[in-house]
Amino acid sequence: MPTNRRFLLVRRPVGLPVDADFSLVSEPTPELKEGQFLLRNHYASLDPAMRGWMDDKPSYMPPIKLGDPVRASTLGVVAESRNPDFPVGSWASGANGIEEYSLCQSGAGRRVDPDAMPSVTNYLSVLSGVGLTAYFGLLDKGRPSVGETVLVSGAAGAVGSLVGQIAKIKGCRTIGIAGGPEKCERLLKDYGYDAAVDYRGKSPSELAAAIQEAAPEGVDIQFENVGGEILDAGLLALKPNARVVLCGMISQYNSEPAPISNLWELIVNGARIEGLILTQYIHRFGEAMPDLTAWLQSGQLRIDEHIEEGIENTLSAFLKLFNGGNKGKLLLKLA
Ligand SMILES: NC(=O)c1ccc[n+]([C@@H]2O[C@H](COP(=O)([O-])OP(=O)(O)OC[C@H]3O[C@@H](n4cnc5c(N)ncnc54)[C@H](OP(=O)(O)O)[C@@H]3O)[C@@H](O)[C@H]2O)c1
């Protein structure tokens, strides 16, 4: 029976998570019951949402219980099986945990074809939560029309880079906000943004001025991944009937939320701000998959995957999401 290293949450983080909030343990893998299978995880997805699941607060998902592995989507190969739908050797992904082996129940997980995509890891990036969030957030909540201007924060990240590219596919003008000259260059060169704004080192009024310079006629859709001062600065550029898609507020995940000053702009522009939570779209995932698959296979969608290695490096890898150290969709290689 193989040994299973598991990355457990043992204390609720206050602010940025630290080593003492977690424990890396080795346990034997469990015996399988009828219908179950054991997935040897090759990759885990590291997502900003995991920080919220570590808190003991009501949310769209229950908090991770203390003593449980940190919840994560994983992708791997079936190592043992008592489920005919998941034979040994097949690739599968599912909502599991940061652990080398996951015990999967009947009805959980999806089979994936490793040869159908440019990389098997695409099943944790474009063809998973981030791709679906970009797709439904932009197309269903933002409802872009040809020629409209789309402003994206966190634009060089996993969701943001896809939002910018899908907006271009739909004929929009795109402006991305990211941290530092290197990421801003990637916005223009790699993700086809029409303009890039570096938020680092700028006061709120300087940031607002830079956004207005990049969007002299204003913004129709603000796709917000960051919140705080960046959300506030973007609101000052809204056009009449603009849509603000509130996808994430990563700048606030390790601190108390900052007040927003410019909500008046929604009133004077008759604009709409709307939260997005991907779990409300589960019944519509089938609509998005053909488009995302076709765009990925044709090269119309570029995805950069930033792969860190080793379960023992989970925390340092995870923290890259909050210090801008990730260059693309952050994944952890486990095998
Ligand atoms: N609503 C939903 O259903 C849903 C689903 C998936 C993701 N999301 C949200 O989408 C957002 C992006 O997620 P992702 O997985 O694509 O992550 P990501 O953008 O690949 O990585 C996070 C990036 O956020 C930026 N960032 C972190 N702290 C910041 C701060 N204090 N100020 C400004 N920028 C900061 C950093 O980029 P820079 O280097 O540019 O600063 C960092 O690289 C998150 O807010 C996440 O919660 C929402």
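1. Cys172 is buried at a relative accessible area of 4%, where buried stands for under 20% relative accessible area, exposed for over 50% and partly exposed for the range in between, computed with a 1.4 Å probe on protein chains only. Cys247, with 22% relative accessibility, counts as partly exposed.

2. The model is a predicted one, in which local features need pLDDT of at least 70 and side-chain atom pairs count only at pLDDT 80 or more, while totals for chains, interfaces and linings use all residues. Residues are numbered from 1 along each chain as its sequence is written, and side-chain values use heavy atoms, with hydrogens and water left out.

3. With a disulfide taken as a pair of cysteine sulfur atoms within 2.5 Å, the count comes to zero. Cys172 is in no disulfide, since its nearest cysteine sulfur, that of Cys247, is 17 Å away, and Cys247 is likewise in none, the nearest sulfur being that of Cys172.

4. An open sheet is formed by six strands in the order β10-β9-β8-β11-β12-β13, with parallel pairing; two strands pair if DSSP finds at least two bridges between them, and the elements themselves are DSSP runs numbered from the N terminus, helices being H or I of at least four residues and strands E of at least two. β10 (195-198) and β13 (272-275) are the edge strands, each pairing on one side only, and the twist from one strand to the next averages 15°.

5. How is β8 joined to its partners in this sheet? Strand β8 (residues 149-153) pairs with β11 (residues 219-224) in the parallel sense over three bridges, and five bridges join β8 to β9, again running parallel. Leu151 stands opposite Gln222 in β11 and opposite Ile175 in β9.

6. Five of the five residues of β8 are buried, so the strand is largely enclosed by the rest of the structure. Both of its faces are covered, with Thr149, Leu151 and Ser153 buried on one side and Val150 and Val152 buried on the other.

7. Two helices lie across this region, with angles taken from 0 to 180 degrees between N-to-C directions of axes fitted to C-alpha atoms, for helices over the stretch in contact. Helix α2 (residues 129-142) lies across β8, β11, β12 (238-246) and β13, running at about 145° to β11, whereas helix α6 (residues 228-235) lies across β8, β9 (173-178), β11 and β12, at about 170° to β11.

8. In helix α9 (residues 314-323), the residues Thr314, Leu315, Ala317, Phe318 and Leu321 are buried. Seen down the helix axis, these buried residues fall within an arc of 165°, so they line one face of α9, the arc being that of the directions from the axis to the C-beta atoms. They pack against β1 (3-9), β2 (22-28), α1 (49-53), β14 (305-309) and β15 (329-333), where contact means heavy atoms within 4.5 Å. After α9 comes Gly324, whose phi is positive, near 75°.

9. Asp304 lies in the loop between α8 (285-298) and β14, and Asp304 is buried, with a relative accessible area of 16%. Its side chain makes a polar contact of 3.0 Å with that of Arg302, a polar contact being a pair of N or O atoms within 3.5 Å of which, within protein, one must be able to donate a hydrogen and the other to accept it, and residues adjacent in sequence count only if both atoms are side-chain atoms. Not counting residues up to four places away in sequence, Asp304 touches Arg186, Tyr191, Lys327, Gly328 and Lys329.
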